[in-house]
Amino acid sequence: MSPRPQHSATEVASRRSAIVESALDQIALHGPEAVRMKDIAEAAKLSVGTLQYYFGSRESLLVHAFSTHSSSVVDAIAGLTQEQGTAWERLQSSLRAVPRIGDLQRRSQVWIELVAASPRNEYLRDSVDAIFDTWSAHFRALIAIGIDDGSFRPYADVDLIVDTLIAVIDGFDVGVAAGRSAAMSERIAASLELTAGRLLGVDDRAAAR
């Protein structure tokens, strides 16, 4: 049998990325249980043998795809941190960015599939926890700044407010994945701002600004 041709590190990274992106597309379209290596290979314009060479089994590839997705979301959340503006302006900026993290439709579909699969896989549970924990830390830090400078006057326990914001995000993810036309980016951001502003006691004039 002829030896497998050698590729540069850049080519290998490109191929692995194409495979992972194809796997995520298939997960979003069909759910992980129905994803076939053949379909991923065709979408990536590679052979099934190439997929097996880089990732081994189908299960290993799907776990890697889920993990890559969660890492990209965590990185995107971390990238929302900014130093300029009031606490409310910074929180508004983060909330408005929520529907713009990645492709909203695919992100929502993959997230729901990831959450559904996580009870059966400890590695995937860690991926889910990482996203929840990163959102939680991000919101909690901004709320603490607003409380310290007096611009936030919370109507509830901070942990409960943070949990509520995350629950609203997840609720819209379900709506987007289900194809509900009302779950549009502007509506998601407006709902999140309204929820946060009321729970944090933000003055209507400040909210309008």
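A residue is called buried when its relative accessible area is under 20%, exposed when that value is over 50%, and partly exposed in between (1.4 Å probe, protein chains only). The model toured here is predicted: local features need pLDDT of at least 70, side-chain atom pairs count only at pLDDT 80 or more, and totals for chains, interfaces and linings use all residues. Residues are numbered from 1 along each chain as its sequence is written, and side-chain values use heavy atoms, with hydrogens and water left out.

**Stop 1**

His138 counts as buried because its relative accessibility is 9%. Apart from neighbours within four places in sequence, its contacts (heavy atoms within 4.5 Å) are Ile77, Leu80, Thr81 and Ser94.

Next select Ser127, also placed in helix 7. With 6% relative accessibility, Ser127 counts as buried. Beyond its neighbours within four places in sequence, Ser127 is in contact with Ser67 and Ser70.

**Stop 2: the cavity**

Rolling a probe the size of a water molecule over the atoms shows where empty space is left. On a 1 Å grid over the protein atoms alone, a cavity is a set of points where a 1.4 Å probe fits but cannot get out; a pocket is an open set with protein on both sides within 12 Å along at least five of seven lines; lining residues have an atom within 4 Å of a point. Grid points are joined across faces, edges and corners, and a volume is the space filled by probe spheres set on the points.

By this rule there is one cavity of 30 Å³ or more. The largest cavity holds about 130 Å³ of space. Select Val73, Arg107, Ile131, Trp135 and Asp173, which lie nearest its centre among 13 lining residues. Helix 4, helix 6, helix 7 (122-148) and helix 8 (158-177) are the elements giving two or more residues to this lining. Helix 8 gives the most, with four residues. The lining comprises nine nonpolar residues (Ala, Val, Leu, Ile, Met, Phe, Trp, Tyr, Cys and Pro), three charged (Asp, Glu, Lys and Arg) and one polar (the others, Gly among them).

**Stop 3: the pockets**

Which residues line the largest pocket? Select Pro32, Glu33, Arg58, Glu59, Leu62, Val63, Phe66, Ala117, Arg120, Asn121 and Leu124. The volume of the largest pocket is about 200 Å³. Helix 4 (residues 58-78) contributes the most to its lining, with five residues. By class, six of the lining residues are nonpolar, one is polar and four are charged.

The second largest pocket has a volume of about 150 Å³. Its lining includes Glu21, Leu24, Thr68, His69, Val73, Asp103 and Arg107. Helix 4 supplies the largest share of this lining, five residues. Four nonpolar, four polar and four charged residues make up the lining.

**Stop 4: helix 5 against helix 9**

Finally, select residues 87-97 (helix 5) and 185-199 (helix 9), whose axes come within 9 Å and cross at roughly 145 degrees (axes are lines fitted to C-alpha atoms, for helices over the stretch in contact; angles run from 0 to 180 degrees between N-to-C directions). In helix 5, Trp88, Leu91, Gln92, Leu95 and Arg96 meet Ala189, Leu192, Glu193, Ala196 and Gly197 of helix 9. By class, this contact has six nonpolar, two polar and two charged residues.
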